[in-house]
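Look at the sequence and the structure below before reading on. The text then walks through a few places in turn.

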Amino acid sequence: MDNEILLKVEDLHTYFYTYEGVVKAVDGVSFFVKKGEIFGLVGETGCGKSVTALSVIGLIDEPGKIESGKIIFQGKNLRELPEDEMRKIRGKGISMIFQEPMTALNPVYTIGDQILEIILLHKYGIENIKKAPKDIKKKERKNVIDMLRLVRMPDPERAIDSYPHELSGGMRQRAMIAMMLATEPSLLIADEPTTALDVTVQAQILNILLDMREKLGISIILITHDLSVVADVCDRVAVMYAGNIVEMADVYTIFKNPVHPYTRGLMQAIPSIAEKKEELKYIKGSVPNLIYPPPGCRFHPRCEYAQDICKKEKPKLVEIEPGHYVACHFAKEFFEKIKETEGEDNE
Ligand SMILES: Nc1ncnc2c1ncn2[C@@H]1O[C@H](COP(=O)(O)OP(=O)(O)OP(=O)(O)O)[C@@H](O)[C@H]1O
């Protein structure tokens, strides 16, 4: 099973040292991503999804710091690698695309030149890039156009010579994905890649990600707050709340049998356990301040099932059935109740 795993994050803690205090943005996060799968990271805004991703790719800057934990990618703990090795991983192993590609694209170069630069960096390395033949641009033109075709860029022959501002939002996101794919990563992290786009373009971009997995066999971590996106494309999913993962399972299980009260709140459908079903249609309260997070389970102030233990002890993420992990003191009870009601429903 372990050789199927591409990335394993163990007990990751990433904090930000601000004037107001220490923001415990990621506080003991563990998960794994298998080869060739699309793994969703979901949760409300500010729960630590982006910080988790930036920690994996080694892009946490001051005032942030990875305090502890392991990030094992292709068998190596990335936290132990020197910065030049880490830069190589960012160049070849792991790539990241963001919500607003304009921030990552350079406005003064054409899309073609930007993709070409990545191809050259990938082929020659930063030290030898000057050794690339003079006519390389002409030689690689077909490759770049093929790359744009792969991301279903409309009219690639024209797009290659366009500047970012000449393209629509969806086309820019395609260009960004093409650039990232030029590095032939094993893992692509997509942070809210479709949030800024309208629904039709969103669907097209998600289809491209599915295509990439199919054709190139890469793994993708898809960060989103949109559960319908998760349902559409992800294989497995982790639900984050206030710097912790509270539940992780395959997508079917998460939607069919969510166990953690927060996940169930997110789904707005807690028919089996909820006694007062109507009152659970939204999650009361708001995400806590991560400088002074609540003790014990961080969700307890919003959880209607909270008991004394929840206020004192932080629950561990435990496997309650094969591949289904939950961090809740009452996970077993909830799970059994779900199974009971499931049995009754089937009778
Ligand atoms: N540079 C920073 N300095 C201080 N605090 C930060 C910094 N970057 C992130 N944080 C804090 O870390 C916490 C987690 O933020 P993060 O961006 O990971 O959330 P998110 O789940 O990705 O939310 P969103 O969906 O809004 O992007 C937040 O409380 C945020 O304010």
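This is a predicted model: local features need pLDDT of at least 70, side-chain atom pairs count only at pLDDT 80 or more; totals for chains, interfaces and linings use all residues.

Start at the ligand. It is surrounded by 16 residues, and the closest of them are F16, A25, T45, S50 and V51. The element that gives the most is α1, with three residues. Sorted by class, the shell around the ligand holds eight polar residues, seven nonpolar ones and one charged residue.

Next, find helix α6, residues 169-181, and helix α7, residues 199-216. Their axes come within 10 Å of each other and cross at roughly 15°. Angles under 35 degrees count as roughly parallel, and α6 and α7 are therefore described as roughly parallel to each other. Their crossing is right-handed. On the α6 side the contact is made by G170, Q173, R174, I177 and L181, and on the α7 side by V201, Q204, I205, I208 and M212. The residues in this contact of α6 with α7 are six nonpolar, three polar and one charged.

Finally, turn to L116, which lies in helix α3, residues 111-128. Is L116 buried or exposed? A residue counts as buried if 20 or more other C-beta atoms lie within 10 Å of its own. L116 has 24 other C-beta atoms within 10 Å, so L116 is buried. Apart from neighbours within four places in sequence, L116 is in contact with K137, E140 and V144. L116 and I160 are 44 residues apart in sequence, and their C-alpha atoms are 10.0 Å apart in space.

Notes
Residues are numbered from 1 along each chain as its sequence is written. A residue is near a molecule or strand if its C-beta atom, placed from the backbone, lies within 6 Å of it. Helices (H or I, at least four residues) and strands (E, at least two) are DSSP runs, numbered from the N terminus. Ala, Val, Leu, Ile, Met, Phe, Trp, Tyr, Cys and Pro count as nonpolar, Asp, Glu, Lys and Arg as charged, and the others, Gly among them, as polar. Axes are lines fitted to C-alpha atoms, for helices over the stretch in contact, and angles run from 0 to 180 degrees between N-to-C directions. Angles under 35 degrees count as roughly parallel, over 145 as roughly antiparallel, 65 to 115 as roughly perpendicular and the rest as oblique. A crossing is left-handed if the near helix is turned anticlockwise from the far one by less than a right angle, and right-handed if clockwise. Two residues are in contact if their C-beta atoms, placed from the backbone, lie within 7 Å. A residue is buried if 20 or more other C-beta atoms lie within 10 Å of its own, exposed if 12 or fewer, and partly exposed in between; C-beta atoms are placed from the backbone.
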